[in-house]
Amino acid sequence: MRYKLLQEGDIQVCVIRHPRTFLSKILTSKFLRRWEPHHLTLADNSVASATPTGYMENSISYSAIEDVQLLSWENAPKYCLQLTIPGGTVLLQAANSYLRDQWFHSLQWKVSSALRCLPSVPLRILFSIPYSFILFIFSKKNIFLQNAYSRCSPLINFFSLFLSFFLKAIAPLLENNHPPPDLCEFFCKHCRERPRSMVVIEVFTPVVQRILKHNMDFGKCPRLRLFTQEYILALNELNAGMEVVKKFIHSMHGPTGQCPHPRVLPNLVAVCLAAIYSCYEEFINSRDNSPSLKEIRNGCQQQCDRKPNLPLRLLHTSPDLVSQEATLTESRLKPVIVTSNEIHVEVERNNTANQKMTANVGNDSEPNLIDCLMVSPTCSTISIELSAQADRILGCYVEILKMLSDYDDWRPALASLLQPIPFPKEALAHEKFTKELKYVIQRFAEDPRQEVHSCLLSVRAGKDGWFQLYSPGGVACDDDGELFASMVHILMGSCYKTKKFLLSLAENKLGPCMLLALRGNQTMVEILCLMLEYNIIDNNDTQLQIISTLESTDVGKRMYEQLCDRQRELKELQRKGGPTRLTLPSKSTDADLARLLSSGSFGNLENLSLAFTNVTSACAEHLIKLPSLKQLNLWSTQ
């Protein structure tokens, strides 16, 4: 609520002197107190009465007022506030609570304004100054925050004790407002220099919580994102480390199964992606002098002779990096070692790779991600070693992605956000990163919901997805295809048991499928049987090799025999003959339908009515064997 400052008004006054003798205690008891009506005026330097008699015979100087607060005594009179002065207390009683609050804030403003003009003020009172400005300037919060930082920054540089009081003083202004950019930069500096300060927990936590709950676009306010990154890293520096971060993430999600704040997850993912990118940004800029992310957004897509842009980010740049990049551009086609205190990179380029990239640029086509990352004697070899600081940052934010994937309600949105693979190819070529991120992909592969595991596939045709990256032969595969098998299993169990999906596996992953089937993987055995059943493989030699693979294991041999039986039954059913229309009696079951279809030839059956029967979805395996079926009535079935 806003209050208009008062300059004068009528109010009841009572002065209580601190008792020093027994007689003074009797005279100041509540039974002998008297109230005097006065018309008080809040002058520039003191509180004066229009009738200077009684308690207000002498005006009260603002410099003599030690404290102004609402009356909190037990059984205290209504609508009172007290002024603490040397030797006693002045009680002021208003007509109602609103008028009392007006007097309270007006006196606070006058006292604080007078204290600012004093040449020497006790340190305890100096610390309390910012509190007095809060409610009066509450309607102009952003202007006050900016001015508070600019005026107090010289003191902050010299008085570390004043720092915590300053931050606590402006905390109420940040309850409903984001901090301005300059203040965010100051908060980032405080998190870096004093990560174990109690201010980080007490003051910054509600500020960051509000940012994550209400921020709509970090692109318009990138320093809010940087402040959030530094805050999370400061939490990670505490003794409990990731346990504190985990509790913070849990507090953002809430105790229920559904997070009530829809913006929390996208904001957390944006913070994680930016932090992970910053770990590899030095390598990206030093390796090929490519434009920074900011320049790409501004339309700078072509390489030019320039010094690398060093934007504000978590990792600090090395002074030696500029000279190293100059050497790098002169020897583009030679094996180069870029060394800095942040990243050690060994890059080997050859003429074949350069010609391939030149051809891709000429055709205006984006190279395949796996082709860019494949490590072979004829391709570029990239070995990445991050510094200790970058390694801690990477570990912290990958761990946060793992935490996010553990929440069932967040997993669909998280899978959708990560489906385009929003990481630089340098991160995907980093073995530690892909190994840690494997947990997140595994959680997607284990989720039965289609909107989750469908995000394992590429976002569009011609692009690679997580399914390709973690499949055998992919740059991120390190488990001989175990994750690949689980991804295929969940996809085949959904709506991806299609000829198109099987064709893609036959063209790109037939070798790994056969290898896993040879090792007894039941999912891959089923895949090979479906390829034979749907006539996916045209080459006879390949078909014989698949059959040999299936017969080499007990599971494969049994499933292949079942496939042969189905093929024989299908050929038997496909013989021409039988009726064209058939209606099953009501109350018939799946067993009745199977017995009927096995009793004769139904190669000409075009119309089948199962209305008002007790058949279930289990009868589908018999219906798919009817070659001429065109119409199927399933009205009022199970």
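This is a predicted model: local features need pLDDT of at least 70, side-chain atom pairs count only at pLDDT 80 or more; totals for chains, interfaces and linings use all residues.
Buried means under 20% relative accessible area, exposed means over 50%, and partly exposed is in between (1.4 Å probe, protein chains only). Helices (H or I, at least four residues) and strands (E, at least two) are DSSP runs, numbered from the N terminus. Helix 16 has 18 residues and spans 26 Å from its first C-alpha to its last, close to the 26 Å expected at 1.5 Å a residue. The expected span is 1.5 Å times one less than the number of residues.

Residues are numbered from 1 along each chain as its sequence is written.

**Salt bridges**

Side chains of opposite charge can pair when their charged atoms come close. A salt bridge is a side-chain nitrogen of Lys or Arg within 4 Å of a carboxyl oxygen of Asp or Glu, and the whole structure has 19 of them.

| Glu436 | Lys402 | 2.6 Å |

Glu436 lies in helix 19 (residues 431–446) and Lys402 in helix 16 (residues 388–405), so the pair ties together parts that are 34 residues apart in sequence. Lys402 is buried at 14% relative accessible area, whereas Glu436 is partly exposed at 29%.

In the second pair, Arg411 is buried, with a relative accessible area of 5%, and Asp408 is partly exposed, with 48%.

Asp592 and Arg595 are 3 residues apart in helix 28 (residues 590–597), about one helical turn. Asp592 is partly exposed at 29% relative accessible area, and Arg595 is exposed at 53%. Elsewhere, salt bridges that share partners join Asp408, Arg411, Asp447 and Arg449 into one network.

**His38**

Where is His38 found? His38 is in strand 2 (residues 36–42), and it is buried, with a relative accessible area of 4%. A polar contact is a pair of N or O atoms within 3.5 Å; within protein, one must be able to donate a hydrogen and the other to accept it, and residues adjacent in sequence count only if both atoms are side-chain atoms. The His38 side chain makes one with the side chain of Glu36 (2.9 Å) and one with the side chain of Ser49 (2.9 Å). Contact means heavy atoms within 4.5 Å. Leaving aside neighbours within four places in sequence, the contacts of His38 include Gly9, Asp10, Ile11, Val13, Thr51 and Met56.

**The whole chain**

The protein chain has 29 helices and 13 strands. Buried residues make up 45% of its 638 residues. Among contacts between residues at least 6 apart in sequence, 66% join residues at least 24 apart.

How confident is the predictor, and what is the mean pLDDT? The mean pLDDT (the predictor's confidence in each residue, from 0 to 100) is 76, and 72% of residues reach 70 or more. Over residues 289–367, pLDDT stays under 50, and the model has 114 contacts beyond four places in sequence for them.

Notes:
Side-chain values use heavy atoms; hydrogens and water are left out.
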